[in-house]
Amino acid sequence: MKIPSPGPEEITVTDGSPASYESAVERLEEIIDRLDSGQAGLRETLDLCKEGKGLVDYCAGELDAVGEGLKELRLDDLAAKLDSSAGAGG
Amino acid sequence: MDQPQISFGTPARPGPDLPGPFAVGRYANKLQGWMRERPRVLLIGEVTGVRRSKAQAYFELRDGEGAVPCAMWLNDLERAGLPDGALRDGVEVVIAGGLDYYPGGGAASPGFNFRATHVRLAGEGDLMARLEALRTQLRAEGLFELQKQLARPVLPKTIGVVTAEGGAARRDLLAGLGRRGWGGTLVWAFAPVQDRHAAPKIARALQDLAARPEIEAIVVTRGGGSLADLWAFCDETLCRTVAMLRVPVISAVGHERDSTLIDDVAAICCSTPTHAAEAAVPLDCGAARAEVRRMAGALRRGADGAIAARARHLGALARGPARALQRQRTILNQKTREIRAASERGIAERSASQRRIAGLVLERARRRALGQVERATEEGRRSGATLDTAAERAVSQRREALRNAAVALRAHDPERTLERGYALAETPDGEPLTGAAAVAAAERFSLRFADGRVDARTDEDPESGTGGDHRD
């Protein structure tokens, strides 16, 4: 069995939350391609998996946010609600 | 338009720089004549403020940039052959006519208007010509690109919608969002979508929605119709408003063949409300959930595989020293067996050699011993006679010594003393008493003679002291 050594195209593990759902998915695809290539070293693999798990959680959270059933509001009602809350606060 | 050049002859009084003063009535009549001499033209616009008198119909013809007051004789209107009530507020018409001026009178107010002699409802061609002119203008100003440069989220959580309340577009939009698996928040901003009041209200609704920070995209939609029906969505002010919004606008006005100006300035133009739903939520949420699960699985497999591969590799490495030791042990055992075999062969050979040597040595020793025996036998024979003589002499000498010893022993025998009349004092147990103190201490004793024993005891005599020669 041959254990790969990190290839020259090693990708850098990034910190912080993704800017958007699509950037998170794009980064996840990049991570999975890197893992599937078998070129990532153990430390890189562990770091990428940790980052990937965070991205999966983020994406799942974004999908959950639009998965709880359609809510419908009227702009007039929304404005009235904001006005009443502002009045109560003032 | 050329400035009117009206001549009233030589002024009665010189003024600062201007001609006149003229009599206003004459001026008004001259003005009327001058206006009526202006070229006749066609105007297109939306009819507003229709009212009628006994002889004329009055209305304004306007668009986003301006308006002209119009008047039309009723008999001209009847000749136009419009359906009853066709000349009403909100319709787009084309009128033919020219400038006119009513000079008024002593009690009547003067008035300017565009005297329409012909009128017809605006046709597709008329509207298309206006639309193309506006389109060219807005494109030249770069307003078509502003919305298209905005970033559109693939998964908006809140979407604003401008449409007519109760319209079919609303139902179609909801159905499209449902097929996307999207369950976020919709904020409805209902507005009229047809007539001259529609465009300002649509623009206001768009601005109000865009002012909400949580709204990430706005859909403007209505069902199909003629270009005249959809004309509100070609309004220049509305389209300029859309172009300047910070939120991407998705237009779905009319059917696929309809093309309004808002389609050009919007970020995305869709043919139906259903398509607008897909454009507002580019992500198929159901497929995305499956994809996220797939990626989560791929990550787990990637991590597990990498760790398992390394664990196997590490295990193989860990077994390496043991295998090396086993290999060395096998070699060592082989060498040991070889050494043992070689040793046994050597021992056997040495044993055979030693046996040969021992045989030779033994043979020599045997021969030497035989020689010695033979010599000893000879020597024995020779010394045998001497030994016999010496033995006899020695026996004789020992017999004589023994006799002498027997005589001496007998001379010291106590029995010989008793035979000569002496007695021996003994304890009842037969132990000899060798002194007076021993006899006095024993109290009872016996005296043994050569011919028998007599019991005796001591008699205490305080005056004579212990011991003494007393007899019973």
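Trainee: What makes helix H2 of chain A roughly antiparallel to helix H10 of chain B?

Mentor: Let's start with the angle. In this predicted model, H2(A), residues 42-65, packs against H10(B), residues 285-411, at about 160°, with the two axes 10 Å apart. Angles over 145 degrees count as roughly antiparallel, so H2(A) is roughly antiparallel to H10(B).

Trainee: And which hand does the crossing of H2(A) and H10(B) have, left or right?

Mentor: H2(A) passes H10(B) in a left-handed crossing.

Trainee: How do you know which residues of H2(A) meet H10(B)?

Mentor: Two residues are in contact if their C-beta atoms lie within 7 Å. On the side of H2(A), the residues that meet H10(B) include Leu42(A), Cys49(A), Gly52(A), Val56(A) and Leu63(A). Among those of H10(B) are Cys285(B), Val292(B), Met295(B), Leu299(B) and Arg310(B). By class, this contact has 14 nonpolar, 3 polar and 3 charged residues.

Trainee: Why are E1(A) and E7(B) said to pair?

Mentor: Pairing takes at least two bridges between the strands. E1(A) and E7(B), residues 183-190, have 5 bridges, in the parallel sense, so by that cut-off they are a pair. One of the bridges links Gly67(A) to Gly183(B).

Trainee: How do you know that E3(B) and E5(B) pair too?

Mentor: E3(B), residues 67-73, and E5(B), residues 111-121, have 2 bridges in the parallel sense. The requirement is at least two, so these strands pair as well. Here Cys70(B) has Phe114(B) as its bridge partner.

Trainee: What joins E2(B) to E3(B)?

Mentor: A hairpin joins them through 4 residues. E2(B), residues 56-62, pairs with E3(B) in the antiparallel sense over 7 bridges, and Arg62(B) has Ala67(B) as its bridge partner.

Trainee: What pattern does chain A follow along its sequence?

Mentor: Chain A reads α-α-β-α, made up of 3 helices and 1 strand. Of its 90 residues, 26% are buried.

Key
Residues are numbered from 1 along each chain as its sequence is written. Chains are lettered from A and ligands numbered from 1 in the order in which they are written. This is a predicted model: local features need pLDDT of at least 70, side-chain atom pairs count only at pLDDT 80 or more; totals for chains, interfaces and linings use all residues. Axes are lines fitted to C-alpha atoms, for helices over the stretch in contact, and angles run from 0 to 180 degrees between N-to-C directions. Angles under 35 degrees count as roughly parallel, over 145 as roughly antiparallel, 65 to 115 as roughly perpendicular and the rest as oblique. A crossing is left-handed if the near helix is turned anticlockwise from the far one by less than a right angle, and right-handed if clockwise. Ala, Val, Leu, Ile, Met, Phe, Trp, Tyr, Cys and Pro count as nonpolar, Asp, Glu, Lys and Arg as charged, and the others, Gly among them, as polar. A residue is buried if 20 or more other C-beta atoms lie within 10 Å of its own, exposed if 12 or fewer, and partly exposed in between; C-beta atoms are placed from the backbone.
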